[in-house]
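Visitor: Hi, I have this model open on my screen. Could you walk me through a few spots in it?

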Amino acid sequence: MSADLTWLLVKDNSSFLVKRSGVQFTTEPNNLTNLNSFKYSGLANAKVVGVEANASGKGVVLTTKKQSVSSGKPGKSFQKVAISGSSRRAAKSIVNATARSGYRADLRKAALGRLSAILAAQKPKKVTKKAGRSTLRK
């Protein structure tokens, strides 16, 4: 089935669709911005890019769609690569994955934005001790 036909069927009726205050969001996998649009759809497009947090809590998982898998095995159609280490290494991997032979270069900026948000959320927060009243009285 073509991507355009799939989008026409999915855009208004999807279990992932969330409508809030006149804006439509989606919770579908491999949607980088969670906006309900054809460009970012992980269901309708033949080539998708997904960035999500790793289950271990460190690093990210980059998901792309294979082209050579038959349509009878949709579970095996995604290639997932765990990326850990520095943020520069992860960014370079995402840039290389989106740039290879024109594989969705239009999603590069959104993928890097999602990467930086996930890595910022994984950083431990700095704990600062507030001065109590007892230390001020002395």
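Visitor: Which residues is Asn-31 in contact with, leaving aside neighbours within four places in sequence?
Guide: Those are Thr-26, Tyr-40, Ser-41 and Arg-114, where contact means heavy atoms within 4.5 Å. Keep in mind that this is a predicted model, where local features need pLDDT of at least 70, side-chain atom pairs count only at pLDDT 80 or more, and totals for chains, interfaces and linings use all residues. Residues are numbered from 1 along each chain as its sequence is written, and side-chain values use heavy atoms, with hydrogens and water left out.

Visitor: Is Asn-31 buried or exposed?
Guide: Asn-31 is buried, at a relative accessible area of 4%. Buried means under 20% relative accessible area, exposed over 50%, and partly exposed in between (1.4 Å probe, protein chains only).

Visitor: And where does Asn-31 lie?
Guide: Look in the loop between strand 2 (23-26) and strand 3 (49-53). Strands are DSSP runs of E, at least two residues, and helices are runs of H or I, at least four residues, numbered from the N terminus.

Visitor: Which backbone atoms lie by a polar atom of the Asn-31 side chain?
Guide: The backbone nitrogen of Thr-33 is 3.3 Å from such an atom, and the backbone oxygen of Leu-35 is 3.1 Å from one.

Visitor: What about Asn-30, what is its phi?
Guide: Asn-30 has a positive phi of about 65°, although it is not a glycine. With 14% relative accessibility, Asn-30 counts as buried.

Visitor: Where is Ser-21 found, and how accessible is it?
Guide: Ser-21 sits in the loop between strand 1 (17-20) and strand 2. Its relative accessibility is 77%, so Ser-21 counts as exposed. Ser-21 also has a positive phi, near 50°.

Visitor: Switching to helices: at what angle do helix 2 and helix 3 pack?
Guide: Helix 2 (residues 87-99) and helix 3 (residues 108-122) pack at about 155°, with their axes 10 Å apart. Axes are lines fitted to C-alpha atoms, for helices over the stretch in contact, and angles run from 0 to 180 degrees between N-to-C directions. The two helices are therefore roughly antiparallel (an angle over 145 degrees).

Visitor: Which residues of helix 2 and helix 3 meet?
Guide: On the helix 2 side they include Ala-90, Ile-94 and Val-95, and on the helix 3 side Leu-112, Leu-115 and Leu-119 are among them. By class, this contact has 9 nonpolar, 2 polar and 1 charged residues. Ala, Val, Leu, Ile, Met, Phe, Trp, Tyr, Cys and Pro count as nonpolar, Asp, Glu, Lys and Arg as charged, and the others, Gly among them, as polar.

Conventions. Angles under 35 degrees count as roughly parallel, over 145 as roughly antiparallel, 65 to 115 as roughly perpendicular and the rest as oblique. A polar contact is a pair of N or O atoms within 3.5 Å; within protein, one must be able to donate a hydrogen and the other to accept it, and residues adjacent in sequence count only if both atoms are side-chain atoms.
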